[in-house]
Amino acid sequence: LPLWSGFSPRVRSRLLDEVMRRPELAADFLQAANETSTDLQLDARRRQQIRFSSDERLQAMANELFSQASGSRESVVSSYRDLAEQGSGDAARGRLVFQRTCGSCHRLAEIGHAVGPDLAALSNKSTGFLLGAILDPNRAVESNYLDYYVETVDGRQFSGVLRAETASGVTLLAPEGKEHVVLRNDIELMRTTGKSLMPEGLEKDIDGQQMWDLLAYLRTFQPQRKQFDGNVPQVAPVRDDGSIRLLAMHAEIYGPSLVFEDKHQNLGFWASENDYAAWTVESDTGGDFLVSLHYACDAGTSGNNFVLTCEDEVVGGQINATGTWDDYASRRVGKLRIPKGRSRIVMRPSGPVASYLVDLHQITLYPAR
């Protein structure tokens, strides 16, 4: 601790990794830091890791040292949204904010580590959506990015997203791209906090101006829409019964492998977790809509997961087989709330894709009566 202020961020991170694997050592460490008034400068991720430790002493110390920000998450998001009228962001400064605060779990333009979702796919989202995703990450967390904790029989602790699970062990992917492979015979306990790997409390690390600088930097990564014969993006048509059809021919197509196939008028070769399709919708009333997919999926490649988002509303599930790639069927997958007026709906894989996700012909939204 007397040398702490002279350690580089990389050295601090490695030391904290070792300390946090032993709950009793972590508690002693935090207590000593508190007694000597040593500012550890723990980021939001570290604070969350300590709060959700299974060690009661460590939890009590966390409650004492890391008091939660006052008010609800929504009030925090609103306070940052209100700052939008007070100035604009600078992308160059935002790059430094990204590198310091986000780069441990996100990668953009050769900066950072690809642990969390691809941010380039979100760069054209509204300011409200981005603020919610950054400051209230547990509002609509995807299962692929839940934070897991593994305790071993010899008392060590590891945490991260569950990247792989086999009969012999599990692989956790932690910030800075660190992989922890733990054999099942060594696991005493494995659990999830039910929260996103991305922690709450980033407002303690990013002030208002830095947030707008960060958003300005993210918006420099506007994705390029792919173009195909027969694919003409337009506002999704609304039927007389109020249902909305999201046709593949009307989708905006993004990503390394996703294409529009003329034979079945579908979106196919959906092989990358960075592939996604987007539609513009316009509803006179808004409200809840039942979601139905019309698609084909070969039995040999089924089982991948998807998410469908509209602003900060999310519905998702697993793609089940329909037979072959030529066999199309319609399946209800859940309910999605759509705001009144114009909005944007995006479909993408939830995590890595094994082989291909789906051949999608259309999505139909039916008003929930």
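A residue counts as buried when its relative accessible area is under 20%, as exposed when that area is over 50%, and as partly exposed in between, using a 1.4 Å probe and protein chains only. The model is predicted, and local features need pLDDT of at least 70, side-chain atom pairs count only at pLDDT 80 or more, and totals for chains, interfaces and linings use all residues. Residues are numbered from 1 along each chain as its sequence is written, and side-chain values use heavy atoms, with hydrogens and water left out.

**Exercise 1. Cysteines**

Determine how many disulfides the structure holds, and state whether Cys105 is buried or exposed.

Solution. Begin with the criterion, which is a pair of cysteine sulfur atoms within 2.5 Å. The structure holds zero disulfides. For Cys105, the nearest cysteine sulfur belongs to Cys102 and is 9.3 Å away, and Cys105 is in no disulfide. Next, turn to accessibility: Cys105 has a relative accessible area of 12% and is therefore buried. Cys297, at 0% relative accessibility, is buried as well.

**Exercise 2. The faces of helix H6**

Find which residues of helix H6 are buried, and work out why they lie on the same side of H6.

Solution. Helices (H or I, at least four residues) and strands (E, at least two) are DSSP runs, numbered from the N terminus. Within H6, which spans residues 91-102, the buried residues are Gly94, Val97, Phe98, Thr101 and Cys102. Because they cover an arc of only 105° around the axis, they sit on the same side of H6; the arc is that of the directions from the helix axis to the C-beta atoms. The face turned away from this buried side carries the exposed residues Ala92 and Leu96. As the last step, look for the packing partners, where contact means heavy atoms within 4.5 Å: the buried residues of H6 pack against strand S1 (107-108), strand S2 (111-112) and helix H8 (208-218). In H7 (residues 127-135), the buried residues are Phe129, Leu130, Leu131, Gly132, Ile134 and Leu135.

**Exercise 3. Residues in strands**

Solution. Ala164 is found in strand S4 (residues 157-165) and, at 31% relative accessibility, counts as partly exposed. Thr171 lies in strand S5 (residues 169-174) and is buried, at 15% relative accessibility. Finally, compare positions: Ala164 and Val181 are 17 residues apart in sequence, and their C-alpha atoms are 9.1 Å apart in space.

**Exercise 4. The largest cavity**

Describe the space in the largest cavity and the classes of its lining residues.

Solution. On a 1 Å grid over the protein atoms alone, a cavity is a set of points where a 1.4 Å probe fits but cannot get out, and lining residues have an atom within 4 Å of a point. The structure holds two cavities of 30 Å³ or more, and about 90 Å³ of space lies in the largest; grid points are joined across faces, edges and corners, and a volume is the space filled by probe spheres set on the points. Eleven residues line the largest cavity, with Pro117, Asp118, Tyr145, Glu273 and Arg348 nearest its centre. By class, this lining has four nonpolar, three polar and four charged residues, where Ala, Val, Leu, Ile, Met, Phe, Trp, Tyr, Cys and Pro count as nonpolar, Asp, Glu, Lys and Arg as charged, and the others, Gly among them, as polar.

Key. On a 1 Å grid over the protein atoms alone, a cavity is a set of points where a 1.4 Å probe fits but cannot get out, and a pocket is an open set with protein on both sides within 12 Å along at least five of seven lines; lining residues have an atom within 4 Å of a point.
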